[in-house]
Structure formats: structure tokens, C-alpha cells
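Subject: Structure for your files

Dear colleague,

Please find the structure below, as promised. My notes on it follow.

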Amino acid sequence: REVDIGLWIVPLIVFVFLALSNGVNLTDGLDGLATGTTIVFLMGTAAFLWLLANSVLSGGQTLLYEEYKNLNVLCFCVIGSLAAFLIFNTYPAKIFMGDTGSLALGAVAACLLILSRLTLLIPIIGIVFVVSCLSVAIQVLYYKSTKKRVFLKAPLHHHFQLKGNSEPRIGILYSSVTALACIMCLIFWL
């Protein structure tokens with residue numbers, strides 16, 4: 001079901017690009033964390049794109065089917081490049097993504113979901129990106145008003161790290177939560 005929001009689409013798209021780009025950027029604080037999580041996020045996106053492509057093809061909309069197929073190709077290209085990058089980015093990392101890479105990665109993910117009209121799935125399947133952003137916002141707002149901290153360090157993955165969890169363990173946790181969110185959405189979709 002689609003809802004026409006008129007010109008409000010412009011600020012929505014700007015917000016989605018800024019939010020997802022910064023969410024991936026904030027998640028990129030440990031070796032392989034943003035890379036692994038984004039791979040799982042994009043695999044979920046690819047599954048949704050495949051379902052959309054099949055549904056429009058059965059409805060006879062071949063042009064829309066081709067567009068979804070092209071978005072899926074882009075999705076798998078990014079997944080493949082991230083998988084190759086992950087070889088060198090896992091703990092202990094030999095190559096780092098940095099702000100430029102993580103911001104671009106978030107923008108590509110936002111672009112895929114906006115063009116496929118799946119924008120409202122972002123906060124669900126991208127829950128770890130949302131949590132990273134919220135943990136920073138909560139920490140800053142709480143500290144400014146009370147001069148005390150909610151987390152040992154923000155974003156949340158650094159809090160987990162200071163609590164004694166290893167970087168690979170946190171990466172597996174974030175990827176697992178993302179996979180679970182994707183699976184739950186796919187089950188609900190079907």
C-alpha cells in the first residue's frame with residue numbers, strides 16, 4: 001500500500017539519507033562492525049527486492065520488474081565488495097573504512113531503499129544503526145543536563161566493549177540482531 005505525501009517526500013528523503021549515512025558512520029567504530037552489519041542489512045534488502053520483483057512480474061509490470069532487478073544487482077555488487085573488504089577489515093583490521101566509506105555506504109543503502117519504495121523498513125531492518133544514533137543522542141543530551149553519563153562511552157558498541165566484550169563478539173551480536181530483524185520483517189511480509 002502506498003501513501004502520497006506530496007512535497008513532504010523531499011524532507012523525508014533528506015532525513016533518510018542523513019540518518020542512515022550517519023547511522024552507518026556511527027556504527028563504524030570497531031573492526032568489521034559496520035561492514036558485517038551492512039552486509040546483513042543489504043542481504044535483507046535484496047530479499048525484499050526479489051519479493052517485489054516477483055510480485056510486479058506476476059502483475060504484468062515488466063518495466064518495474066526490470067528496475068527492481070537492477071536495484072538487486074546493485075545490492076549484490078555492494079555486498080560482494082563489502083565481503084571482499086571484510087577479509088581485511090575483521091579484527092585485527094589491516095584496512096579501515098573511515099568516514100568517507102561509511103557515509104557513502106549508508107547513502108547507497110538509503111538510495112536502494114528509497115528507490116524501491118521500502119523506506120519505512122529502514123528503522124526496522126536497520127535497528128542497530130538506529131540504536132547507534134540514539135545512544136549518542138541520549139548520551140549527549142543526558143550529559144549536558146546532568147553532567148553524568150548513561151553509557152560508559154557512546155555509541156553503544158563502545159559501551160559493550162568497555163564492559164569486557166570483544167570486538168568480534170560485538171560484531172556478531174550486531175549482525176545477528178540485524179539478521180533477526182530482517183527475518184521478522186520477511187515473515188511479516190509473507
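The chain has 8 helices and 0 strands, where helices (H or I, at least four residues) and strands (E, at least two) are DSSP runs, numbered from the N terminus. The order from the N terminus is accordingly α-α-α-α-α-α-α-α.

This is a predicted model, in which local features need pLDDT of at least 70 and side-chain atom pairs count only at pLDDT 80 or more, while totals for chains, interfaces and linings use all residues. Residues are numbered from 1 along each chain as its sequence is written, and side-chain values use heavy atoms, with hydrogens and water left out.

Overall dimensions

Along the principal axes, the C-alpha atoms fill a box of roughly 60 × 40 × 30 Å.

Burial, contacts and surface

Of the 190 residues, 41% are buried, meaning under 20% relative accessible area with a 1.4 Å probe, protein chains only. Among contacts (heavy atoms within 4.5 Å) with a separation of 6 or more, 70% are between residues 24 or more positions apart.

Charges

There are 11 positive and 8 negative side chains, with the centres of the two sets 16 Å apart. Lys and Arg count as positive and Asp and Glu as negative, without His and the chain ends; each charge is placed at NZ of Lys, CZ of Arg, CG of Asp or CD of Glu.

Helix α8

Helix α8 spans residues 167-189, 23 residues in total, and reaches 33 Å from its first C-alpha to its last, close to the 33 Å expected at 1.5 Å a residue. The expected span is 1.5 Å times one less than the number of residues. Its buried residues include Glu167, Tyr174, Ser175 and Cys182. Their cover includes α1 (9-27), α2 (33-58), α5 (122-125), α6 and α7 (156-162).

Ser175, in helix α8, is buried at a relative accessible area of 15%. Beyond residues up to four places away in sequence, Ser175 touches Gly36, Thr37 and Val40.

Ser132 sits in helix α6 (residues 127-146) and counts as buried because its relative accessibility is 0%. Apart from neighbours within four places in sequence, Ser132 contacts Gly23, Leu26, Thr27, Pro155, His157 and Tyr174.

Regards

Terms used
Buried means under 20% relative accessible area, exposed over 50%, partly exposed in between (1.4 Å probe, protein chains only).
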